[in-house]
Amino acid sequence: MIHRLADCMNLNVPENTNVWQFCVVFPNCRIGEHCNICANVLIENDVVIGDYCTVKSGVQLWDGVTLEDHVCVGPNVTFTNDLVPRSKKGGFVPSRILIRKGASIGANSTVVAGVEIGEYAFIGAGSVVTKNIPPYTTWYGNPATQRGYITKDGILLDMNKKDKDGIRYEI
């Protein structure tokens, strides 16, 4: 479903994916099945969104961003694609950002150009991600630092891989 107030120039958005009002979707991006693209999202051409992804309101996915399947991007998350931005820079080639399967990025976080966030990793709200994030880890802060681990099912663990009840997990 593409909302009538969305500016969706891409003719290949699956019917089971929702694109809500005031979105701008460039013609050459790839958007997967069963996604929810909330209001006020911009998606440039060189962007790949996997299946079952959620992109909350106020997010801009600039050229070079890839979201694998089951990724959740919270409201107003900022992605960058240039480590040294300059106006009217000739020959610009965007840096890549790769968000692996099942990862979640909390509201108002910033993800700096050139990083990879590992499978099922969890980035807390308001974090600034400046380096690669390993799979199944929990990070937050500015700059984001590792604060624990997380299971595929979303159980938060401390640095000793124990949950709030003291049960230890193998990841």
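Predicted model: local features only at pLDDT ≥ 70, side-chain atom pairs only at ≥ 80, totals over all residues.
Nine strands line up in an open sheet, in the order S2-S5-S8-S11-S14-S17-S19-S20-S21, and their pairing is mixed. At the edges sit strand S2 (18–19) and strand S21 (156–157), each of which pairs on one side only.

Strand S5 (residues 36–37) and strand S8 (residues 54–55) run parallel and are joined by two bridges. Here Ile37 has Val55 in S8 as its bridge partner. Further along the order, strand S17 (residues 122–123) runs parallel to strand S19 (residues 137–140), again with two bridges. Across this pairing, Ile123 stands opposite Trp139 in S19.

On to strand S20 (residues 145–150), which pairs with S19 in the antiparallel sense over four bridges. S19 and S20 form a hairpin, with four residues between them. Within that turn, Gly141 has a positive phi of about 110°.

Now for the charged side chains. Side chains of opposite charge can pair when their charged atoms come close. Searching the whole structure turns up four salt bridges. One of them pairs Arg96 with Asp46, with the closest N and O atoms 2.6 Å apart. Arg96 belongs to the loop between strand S12 (78–79) and strand S13 (97–99), while Asp46 belongs to the loop between strand S6 (42–43) and strand S7 (48–49), so this pair ties together parts that are 50 residues apart in sequence. Arg96 is partly exposed, at a relative accessible area of 43%, and Asp46 is partly exposed too, at 32%.

Another salt bridge links Arg100 and Glu68, whose closest N and O atoms are 2.7 Å apart. These two come from distant parts of the chain, 32 residues apart: Arg100 from the loop between S13 and strand S14 (104–105), and Glu68 from the loop between strand S10 (65–67) and strand S11 (72–73). Relative accessibility is 27% for Arg100, which counts as partly exposed, and 22% for Glu68, also partly exposed.

Arg100 has a further partner in Glu116, with the closest N and O atoms 3.0 Å apart. Glu116 lies in strand S16 (residues 116–117), 16 residues away from Arg100. With a relative accessible area of 31%, Glu116 is partly exposed. Through shared partners, the salt bridges join Glu68, Arg100 and Glu116 into one network.

Note on methods
Residues numbered from 1 in each chain as written. Heavy atoms only, no water. Pairing = 2+ DSSP bridges. Salt bridge = Lys/Arg side-chain N within 4 Å of Asp/Glu carboxyl O. Buried < 20%, exposed > 50% of the residue type's maximum accessible area, 1.4 Å probe, protein only.
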